[in-house]
Amino acid sequence: MKRSKRPVTFFGRWIAVGIAAAITGVVSGQVGGEPGESAPLDVLLILVDDLGCRDLSAEGHATHRTPNLDRLRAESVRFTNASCNGPICAPSRAALVTARHGSRTGVHTVGSPRRGKDKHRILEPPTNRSRIRDTERTIAETLAGAGYRTGFVGKWHVSDDPLTKGFEVNAGGNKAGHPKAYFPPYLNPDLADGPEGEYLVDRLARETIGIIDGFEADDADRPWFVMYAPYAVHTPIQAPEAAVAEFRTRNPGVDLRRARYGVMVEATDRAIGSILERIDPEATLVCFASDNGGLQPVTDMSPWRGGKGMLYEGGIRTPLYVRGAGFQPRDVGMPVQLFDLHPTITELAGAVMTQEVVTDAVSLVPLLRGKPMDRGPIFWHFPAYLEGRDAESRNPRDQFRTTPSGAVRDGRWKLIEWFDDGELELFDLEADPGERVNRSADHPEIRDRLKSRLDAWRTTVSAPMPRPVLESGGDPAADSIVAPTGDAAK
């Protein structure tokens, strides 16, 4: 692991809490109880990469064994209508660490928004930022300012180095969107190679435990914030062959790639279980989610439609669990978004976010405490192309997994707008969770209301829109292929 080479300045633990309480009226540690009951909480934020919303056995998967996450689910407030901020990793992760929509950070997709063949694109996407700006303030910087020790493990992907964005210790995190390999040599400048046969999933769990142990040994009186973001279960799909053979014995007929993926899911579950076993459940806030939907066809999000890279539910739904001292396990059905964890964590930690920064996420603390609140509609803006095919394509001529689009969900209703032809798809997610029936013609008043809300929101966040290729000066006759970066077109 690497420690920051630059000094990190902290307020003392209790001084920071006092300042935060004076400014916000929130006493750190008020998790589900009465004011002033406990000291500041340690915080473990778990963000798995590309885990599908149905990949856990408790969420309905028939072959994956995930007892540790199933138990966490049972012990947590479970948000049953949670969605990511983007259908792929970079925009979702950038939103989580900044509490800001992609149109504010400039991160809408991974790498180039001009994926696929030029001749098939009729729109010229707006420019995309691959990294957040240096001026963006992350959750780690806010918590560090409130006296927290901060550590990062795994996939960072939103800037070159988490050590420059508020983390004082880093194991494996940099600009890479996926590992070169899950076995040594890792070719990761921020993670030393382990012995032959070491599995990256296991290694990063040990690094996480080591960081927590180090923080508590250095200064047991200061709280810690650790973001554990394993590269799994992102490609390359690799797993120990002995475990793969055992998985196929348990599940006759499963193909090799799906078996390897299943082992990755189960290994990630065991890794998370080892970390959860290490921490104090009474003094630690645990938040768990995935950054986007699962990768088709190695996993299936049914009954939800689609997968990673799509604004259909299979591409954006995530398991979202929050376990903390005093929170009573239950299901919460209100639609929420991944980046809502950011203000939720900072509020519970008694940390004050910079007032000059415009944020978009909403704290879920009232819902965690069983109190009513109106989260309001949730939005997506994905003005980019992704190659690959949608198995249930709305247009047989489509050459893309997705084309530039946007969406809004308000309660049971969800509207998707396709920027290439202006088509509007309206879905009743309670009656039609698989998004099979477009109800636009049946409910024009709901369609028009949601379209107006989507238009108004785009104005608020200054969302950049794609333009027709000829208007932008592009050449629709060209046949070049834009090389993707980061997710390597997955």
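Begin by selecting Asp 410, whose bridge partner in S18 is Trp 413. This is a predicted model, in which local features need pLDDT of at least 70 and side-chain atom pairs count only at pLDDT 80 or more, while totals for chains, interfaces and linings use all residues. Residues are numbered from 1 along each chain as its sequence is written, and side-chain values use heavy atoms, with hydrogens and water left out.

Next, display residues 405-410 and 413-418: these are strands S17 and S18, which run antiparallel and are joined by six bridges. (Strands are DSSP runs of E with at least two residues, helices are runs of H or I with at least four, and both are numbered from the N terminus; two strands pair if DSSP finds at least two bridges between them.)

Widen the view to the open sheet of four strands, ordered S14-S17-S18-S19 with antiparallel pairing. S14 (378-382) and S19 (424-428) stand at the edges with a single partner strand each, so one side of each has no neighbour in the sheet.

Finally, select helix H2 (residues 67-74) and helix H8 (residues 256-278), whose axes come within 7 Å and cross at roughly 55 degrees. (Axes are lines fitted to C-alpha atoms, for helices over the stretch in contact; angles run from 0 to 180 degrees between N-to-C directions.) On the H2 side, the contact (heavy atoms within 4.5 Å) is made by Pro 67, Asn 68, Leu 69 and Leu 72. On H8, show Asp 269, Arg 270, Ile 272, Gly 273 and Leu 276.
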